[in-house]
Amino acid sequence: MRVLVCLDGTNGEQVSKATEILSATQSLTLGILYVIDTGPRKDIEHTRERFLRRPGPPRSREDEMEQAELAAAQDVLNEGLRYLPDAETFQRLGRPEREIVNVAAEWQADLVIICPRGEYGGKPAIGPKSVGHVARFVLDHAPCPVLLVRQTAREQFPVAR
Amino acid sequence: MFFFLSVPEIWKTGLTCFIGLATLIGIMTRPFRWNEATIAMVGAAVLFLLGLITPADAFLTLIRDWNTFLFFLGMMALSALAESAGLFDWLAVQAARLAGQSAARLFLNVFLLGTLISTVLSNDATALILTPIVYVLVTKLRLPVLPYLFACTFIADAASFLLPVSNPINIIITSRFPLDLWTFLRLLFLPSLVVIVINIGIFYLLYRKQLTGAFDIQRLPSAEEATKHKGYFRYTCCILAVVAFAYVIASAIQLPLSLIALSGAVLLLIGALSWRQTSLRETASRISWSIFGFITGMFIVVRAIEDTGLTTLFGNWLIHLSGDTSFGAVMVGMAGAAVGTNLINNVPMAVVMVSALGGIQHASPAIQHGFIAATIFGCDLGPNLTTVGSLATVLWLLILRQRNVDVTGLDYFKVGVLVTPLMLLAGALTIWLLL
């Protein structure tokens, strides 16, 4: 079974546990994917437009931004490899939700594993809007089944009946 | 042409208004992705060629606003030279160090740093120079990027009326309607603090879930790495401290602020050249020269419209809407400026408002001050509503979204629509209470 695992920089441990459970029943071919989101860079360009400053920041600043993005992406993928050492790695640049479904199709994934959204500490989010726009898009558009891996949130139960 | 022909006045008025309107619509929609400066200059050139504004009038208009032109030049040069010294990078690293590994405290520090930079070096420096630096910093720290980017963009405007130099718009308005420093601070300092506190409070509420974590201090670049040349860095800090002090003194004694900005820029340039930290060409490349074309075009177009009496009518209408009360003046001035900035960008809106408010000299001092302070406030903070530039851009993004095309910028818009009306209202009420 070909499983594409989507990393967001905060979910390495979570998704590796999910693959462990899956690997107990069948052999898995794993791929780990991290997408550098180009959205924020475009937002910065829009801001420059408002201030009537085109084109973008000085070349040296652009390079610095690119290097920081690549270093962070490599860091996330290395972290992923620590949990899933045999996985094939994919690094893409673009809108994460679109890159994920496209890589899933190109790599002929049988399953995509994704978390609802990046968790930066605090209580795990459950309830309405707890699935972020990237996971939402992947659930709606993936070419194969999608496994949404949530954090355990038993302490937030029971919910109102 | 019309200059040489005797054409009925009504035709001239109609044609001037048509060209003025076409220029403003052109700036809103930017057909064929034309630069705003090109559109404004074409508008001015057509008026000029048709004789709808005389060369003497155009020349006098530009000469009268020399302070604005030189301030833009000084402000951009100061920021560019401070950036080349690594000052912004150093400040960002210090902000992260002082955050004690807490994402939430770093968020607060970004707001405070943005406030400091906007106050002294204007909102341009925060929005255009600090934002990419913060982006690099939070990417390295593996923190969620968007809250911090939004913080930079929003605080750039929210902190841009703490001092007259905090936004070039303030210079455009106060060049025509001089406010002494005490009056400026009395009317706008407290509203600015109110708006900043609201901004920080709402952002903490919106992004609380993304700001609960901590970051690894090991990922942080060292402060020494940020400064490229220690001598030039220290020199830059000293010069900027002197410039900040001189700004306050010059505002107090009503000296043109452009002279301070330009003098500071020249001193920084001398330092940068002698330490070989930049070249004239590099510094010049970091200045957006097209802005001068844009302002030149706008000043001439608005001047021609002013001659038709249309802006006076607009001004009278605003005064009428205000019901001759200070509360009305503040609310109408703020709303008019804020809506206008989102239609045609805040620079042309400030020029239009300055021209429209030409007739308020007959009003009581409270109404005059109400209109001036509210115009500064609306033009400075109003752009936060759409942040991506203008309503036209937002509409375009919405159309793209419907066509399922990649869209960014809408996230900004959602936050802006939520936060900005509240800040505008709270700030305007505070101005009114202080009148």
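Helices α17 (residues 326-344) and α19 (residues 365-381) of chain B pack with their axes 7 Å apart, at an angle of about 25 degrees. The structure is a predicted model, in which local features need pLDDT of at least 70, side-chain atom pairs count only at pLDDT 80 or more, and totals for chains, interfaces and linings use all residues. Residues are numbered from 1 along each chain as its sequence is written, and chains are lettered from A in the order in which they are written. Helices are DSSP runs (H or I, at least four residues), numbered from the N terminus. Because angles under 35 degrees count as roughly parallel, α17(B) and α19(B) are roughly parallel to each other.

Residues are in contact if their C-beta atoms, placed from the backbone, lie within 7 Å. Among the residues that make the contact are B:G333 and B:G336 of α17(B) and B:G370 and B:F371 of α19(B). By class, the residues of this contact are 12 nonpolar, seven polar and no charged; Gly counts as polar, and Asp, Glu, Lys and Arg as charged.

Helix α18 (residues 346-356) of chain B has 11 of its 11 residues buried, so α18 is largely enclosed by the rest of the structure. A residue is buried if 20 or more other C-beta atoms lie within 10 Å of its own. The buried residues of α18(B) pack against α1, α9, α15, α16, α17 and α19 of chain B.

Between the chains, 28 residues of chain A are in contact with 34 residues of chain B. On the chain A side, α2(A) gives the most, with 10 residues.

Note on methods:
Two residues are in contact if their C-beta atoms, placed from the backbone, lie within 7 Å. Helices (H or I, at least four residues) and strands (E, at least two) are DSSP runs, numbered from the N terminus. Axes are lines fitted to C-alpha atoms, for helices over the stretch in contact, and angles run from 0 to 180 degrees between N-to-C directions. Angles under 35 degrees count as roughly parallel, over 145 as roughly antiparallel, 65 to 115 as roughly perpendicular and the rest as oblique. A residue is buried if 20 or more other C-beta atoms lie within 10 Å of its own, exposed if 12 or fewer, and partly exposed in between; C-beta atoms are placed from the backbone.
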